[in-house]
Amino acid sequence: MRELLKSVQRELHLHADEATKASVRKFVPTSRRIYGVKVGAINEILKQCKDPSFELTEALWKSAAFEERLLATKMLGRVCRKDSARTLRLVETFASEANDWVVCDTLATQGVRGIVNERQAELLKLSGQLIKSPNFWERRFALVLLTNYAKSMKFRELILQTMRIVENDEEHYVRKAIEWLRRDLAKGG
């Protein structure tokens with residue numbers, strides 16, 4: 001596993017540039033360690049990974065660089081159907097450790113997309129728990145997670161109830177997630 005992780009990290013270093021690094025710092029100001037790799041290159045690295053695994057996903061997440069965590073959330077989306085229970089555990093851990101809107105949102109959308117129907121009850125329950133968290137990234141995650149269900153009238157009241165819990169939240173990133181969810185609800189019918 002260690003060699004595979006090192007290989008991915010080498011690829012990230014090869015695709016890194018200072019202009020992208022500056023752009024990430026500007027648009028994702030809460031990100032910490034940054035390589036400076038464009039999302040397109042991250043997607044290519046993911047495609048090159050012939051056998052994505054939970055182990056590599058976890059190793060990338062623990063490495064904690066912005067691009068490694070983004071790659072981990074995308075990889076989770078590719079392996080999530082192999083073990084949806086393990087995916088749920090990782091999602092909960094990752095959501096508690098997220099520190100920027102890009103990784104948070106990717107986890108809540110691409111990271112779980114393959115299990116949103118199979119694990120609907122658990123994901124909705126998780127959203128209901130995290131919306132009350134003192135950690136604003138978890139509150140944002142709880143809202144963005146609901147975008148997976150916003151097109152269905154079946155979930156409209158639950159989503160509205162969840163949004164009411166944070167309707168006066170002063171955190172910028174939570175407010176932006178509320179706006180996103182409102183737009184999705186308006187499109188859903």
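This is a predicted model: local features need pLDDT of at least 70, side-chain atom pairs count only at pLDDT 80 or more; totals for chains, interfaces and linings use all residues.
Let's start inside. The largest nonpolar core takes in 65 residues. If you want to find the residues with the most contacts inside that core, look for Leu60, Phe66, Leu76, Leu123, Phe141, Leu143 and Ile159. Pick Leu76 and see what surrounds it: leaving aside residues up to four places away in sequence, Leu76 touches Phe54, Thr57, Thr87, Leu90, Val91, Phe94, Leu107 and Gly111.

Now for the rings. The model has five aromatic pairs. One of them joins Phe136 and Trp137, with 4.7 Å from centre to centre and 40° between the planes, so the pair counts as tilted, falling between the 30 and 60 degree cut-offs. Trp137 is buried, because its relative accessibility of 6% is under 20%. Phe136, at 24%, counts as partly exposed.

Phe136 also pairs with Tyr173, and here the rings are stacked: 6.3 Å centre to centre, with 10° between the planes. That pair links distant parts of the chain, since Phe136 sits in helix 9 (residues 136-146) and Tyr173 in helix 11 (residues 172-188), 37 residues apart. Tyr173 counts as buried, at 14% relative accessibility.

Last stop, the largest pocket, which holds about 170 Å³ of space.

Notes. Residues are numbered from 1 along each chain as its sequence is written. Side-chain values use heavy atoms; hydrogens and water are left out. A nonpolar core is a set of buried Ala, Val, Leu, Ile, Met, Phe, Trp, Tyr and Cys residues joined through side-chain atoms within 4.5 Å. Buried means under 20% relative accessible area, exposed over 50%, partly exposed in between (1.4 Å probe, protein chains only). Contact means heavy atoms within 4.5 Å. On a 1 Å grid over the protein atoms alone, a cavity is a set of points where a 1.4 Å probe fits but cannot get out, and a pocket is an open set with protein on both sides within 12 Å along at least five of seven lines; lining residues have an atom within 4 Å of a point. Grid points are joined across faces, edges and corners, and a volume is the space filled by probe spheres set on the points. Rings of Phe, Tyr and Trp (its six-membered ring) pair if their centres lie within 6.5 Å; planes under 30 degrees apart count as stacked, over 60 as edge-to-face and the rest as tilted. Helices (H or I, at least four residues) and strands (E, at least two) are DSSP runs, numbered from the N terminus.
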